[in-house]
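This report describes one protein chain, beginning with a single residue and widening to the whole. Please keep the sequence and the structure in view while reading.

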Amino acid sequence: MTLYTELATVADELLAELGQSVTIRHRTAGAYDPATGSVTVTTSDEAGYGAVFDYDTKHIDGTMIVRGDKYVLLSPVGITAPDTDDRLIIGGVDYAVIGIKTEAPAGTAVLHTVQIRR
């Protein structure tokens with residue numbers, strides 16, 4: 001076990017204890033159906049742990065971060081990192097993933113910071 005793997009495990013334990021359950025709903029586009037003019041979307045859910053925070057008003061610029069946006073410190077342990085096509089369900093509320101930043105020293109994910117919006 002490397003130092004960064006141990007740090008990810010510690011982050012996971014702290015977020016499990018002090019944070020809350022987070023469902024990551026991965027959305028995958030299927031084939032285009034010319035008969036309906038639409039693309040089917042399939043979903044798959046993963047459970048993880050995270051802590052939700054409001055952005056400080058000094059960070060709200062009205063463009064990249066808007067009023068009401070939140071960020072989640074999300075454990076990388078046992079999950080596939082969300083992307084901007086995915087959704088996070090936290091406390092029964094469905095959020096769009098706006099952006100994600102992964103802290104991955106030496107290529108090992110230790111923590112994801114995910115910007116979310118209702």
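Leaving out residues up to four places away in sequence, I116 touches D69, K70, V72, L88, I90, Y95, A96 and I98. The model in which these contacts are found is a predicted one. I116 itself belongs to strand 6, which covers residues 111-117. Is I116 buried or exposed? Its relative accessibility is 0%, and because buried means under 20% relative accessible area, I116 counts as buried. A further distance places this residue relative to another part of the chain: I116 and Y55 are 61 residues apart along the sequence, and their C-alpha atoms are separated by 11 Å.

A residue of another kind is D12, which is found in helix 1, residues 3-18. D12 is buried yet has no salt bridge. The nearest side chain of opposite charge is that of R25, 19 Å away. Which residue does the side chain of D12 meet in a polar contact? The partner is S75, whose side chain is joined to that of D12 by a polar contact of 2.7 Å. When neighbours within four places in sequence are set aside, D12 is in contact with Y49, S75 and V77.

The loop between strand 5 (93-103) and strand 6 holds A106. This residue has a positive phi of about 60°, although it is not a glycine. A106 has a relative accessible area of 71%, and therefore it is exposed, the limit for that class being over 50%.

The distances given above are collected here.

| Pair | Kind of distance | Value |
|---|---|---|
| I116 and Y55 | C-alpha atoms | 11 Å |
| D12 and R25 | nearest side chain of opposite charge | 19 Å |
| D12 and S75 | side-chain polar contact | 2.7 Å |

The whole chain may now be considered. The protein chain has 1 helix and 6 strands, and read along the sequence they follow the pattern α-β-β-β-β-β-β. Its C-alpha trace spans about 55 × 40 × 30 Å along the principal axes. Of its 118 residues, 28% count as buried. Among contacts with a separation of 6 or more, 54% are between residues 24 or more positions apart.

The accessible surface of the chain comes to about 7,200 Å², and carbon and sulfur atoms account for 53% of that surface. As for charge, the chain carries 9 positive and 16 negative side chains. The centres of these two sets lie 10 Å apart.

Methods. Residues are numbered from 1 along each chain as its sequence is written. This is a predicted model: local features need pLDDT of at least 70, side-chain atom pairs count only at pLDDT 80 or more; totals for chains, interfaces and linings use all residues. Side-chain values use heavy atoms; hydrogens and water are left out. Helices (H or I, at least four residues) and strands (E, at least two) are DSSP runs, numbered from the N terminus. Buried means under 20% relative accessible area, exposed over 50%, partly exposed in between (1.4 Å probe, protein chains only). Lys and Arg count as positive and Asp and Glu as negative; His and the chain ends are not counted. A salt bridge is a side-chain nitrogen of Lys or Arg within 4 Å of a carboxyl oxygen of Asp or Glu. A polar contact is a pair of N or O atoms within 3.5 Å; within protein, one must be able to donate a hydrogen and the other to accept it, and residues adjacent in sequence count only if both atoms are side-chain atoms. Contact means heavy atoms within 4.5 Å. Accessible areas come from the Shrake-Rupley method with a 1.4 Å probe; for residues, only the protein chains shown count as cover. The place of a charge is taken as NZ of Lys, CZ of Arg, CG of Asp or CD of Glu.
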